[in-house]
Amino acid sequence: MNPFELHEAAVDYQHLQAAECWHGHRLGLFWQPVLCRSAPYEGYHVEALLRLQPNAAPTMLDTTELIHRLEARGSTSGLDNWVISSSLDFLARHGDALNGLRTLSVNVSPCSLNNDDFLDDTLALFRAYPEQSAKLCLEITEVSRLSNFRSIQRFLAQSRTLGVKVALDDFGSGYSNFRYVIDLQFDIIKIDGSIVRTICHNRASRAVVSSIAKLARDLNCTSVAEWVEDTDTLQALLALDIHGFQGKLVAMAMEPARFLNARNLNCVLPKGHLDGLLLNPDSRLWA
């Protein structure tokens, strides 16, 4: 076998490994809370994140590497379909115990959105789970890689009629295009964590976050800051009028079962943790 064939065989194996990973239930979805500024004690918002199950083989690629392998081959649609269908099924099976859930965000790859079959299959899922889909939010990143633009616009418009929200993820990273913000009419703008984490000591980062916050207000979008890791960063974001906060300061991702019968984040976070965030030294900023 020559080096090229050896490389192709290795890639094929890794692709097969990725495909088997979700079909064999070695992947799981964990929920990370998003703290809402306007109503922190009224329900809760979460993002579903892919994680390897504890019993996954030690040789298994981590989730980031799995996604990269699938994206390299343009084969993300199967995984994204699994994430959406699994999320909707979980909401359907535990409906009464998830009354506190306001929004469940799931990530969708641009590779999947460029696939017409994926768009059709996803709309069929939304129609099959109308009540659950109304709690769903699709997070789209790397919008510059979207090529199936008119089909995606139609898909998002049809999804909105079913109550699905749409978020622009990692805004501010790479070469973010403001044209997409206008044309795709996002409900939520999530600010890239690499900018958020430096706003306390980098004037440029603070200026960018301030500009994104103003853009979100002007477009009637919700702004959410990612990678909020300490109280100083939280204070700075509050002063810039950011709406939502996600990161290890609020909570790490956890098993969805933790949220069953929870009315709000106080029910899933350690005792006093949420109150401690809200009663910080400058608590007036929460008003």
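Which loop holds Asn261? In this predicted model, Asn261 is found in the loop that lies between β8 and α12 (273-278).

**View 1. Two residues with positive phi.** Asn261, although not a glycine, has a positive phi of about 65°. Most residues other than glycine have a negative phi. Asn261 counts as exposed because its relative accessibility is 61%, over the 50% limit for that class. Asp241 is a further residue other than glycine with a positive phi, near 70°. Asp241 lies in the loop between α11 (231-239) and β8 (244-245). With a relative accessibility of 30%, Asp241 counts as partly exposed.

**View 2. The closed barrel and the pairing of β5 with β6.** The barrel is closed and has 8 strands, in the order β1-β2-β3-β4-β5-β6-β7-β8, with mixed pairing. Strands β5 (residues 165-171) and β6 (residues 188-191) run parallel and are joined by 3 bridges. Ala167 has Ile188, in β6, as its bridge partner.

**View 3. The nonpolar cores.** The largest nonpolar core contains 76 residues. Those with the most contacts inside this core are Trp31, Ile84, Leu113, Phe126, Leu237, Ile242 and Phe245. Helix α3 (residues 77-93) makes the largest contribution to the core, with 7 residues. A second, separate core has 5 residues, among them Cys137, Ala167, Ile188 and Val224. Ala167 and Ile188, members of this second core, are also the bridge partners shown in View 2.

**View 4. The largest pocket.** The volume of the largest pocket is about 1,300 Å³. Its lining consists of 47 residues, of which Glu47, Leu49, Asn107, Asp169 and Asp170 are the closest to the pocket centre. Two or more lining residues come from each of β1 (27-36), β2 (44-52), α2 (63-72), α3, β3 (101-108), β5 and α9 (193-196). Helix α2 supplies the largest share of this lining, 6 residues. By class, the lining comprises 18 nonpolar, 17 polar and 12 charged residues.

**View 5. The second largest pocket.** This pocket has a volume of about 340 Å³. Among the 18 residues of its lining, Val34, His45, Ile188, Thr222 and Val224 are the closest to the centre. At least two lining residues are supplied by each of β1, β2, β3, β6 and β7 (222-225). Strand β1 gives the most, with 3 residues. The lining includes 6 nonpolar, 7 polar and 5 charged residues.

Key. Residues are numbered from 1 along each chain as its sequence is written. This is a predicted model: local features need pLDDT of at least 70, side-chain atom pairs count only at pLDDT 80 or more; totals for chains, interfaces and linings use all residues. Side-chain values use heavy atoms; hydrogens and water are left out. Two strands pair if DSSP finds at least two bridges between them. Helices (H or I, at least four residues) and strands (E, at least two) are DSSP runs, numbered from the N terminus. A nonpolar core is a set of buried Ala, Val, Leu, Ile, Met, Phe, Trp, Tyr and Cys residues joined through side-chain atoms within 4.5 Å. Buried means under 20% relative accessible area, exposed over 50%, partly exposed in between (1.4 Å probe, protein chains only). On a 1 Å grid over the protein atoms alone, a cavity is a set of points where a 1.4 Å probe fits but cannot get out, and a pocket is an open set with protein on both sides within 12 Å along at least five of seven lines; lining residues have an atom within 4 Å of a point. Grid points are joined across faces, edges and corners, and a volume is the space filled by probe spheres set on the points. Ala, Val, Leu, Ile, Met, Phe, Trp, Tyr, Cys and Pro count as nonpolar, Asp, Glu, Lys and Arg as charged, and the others, Gly among them, as polar.
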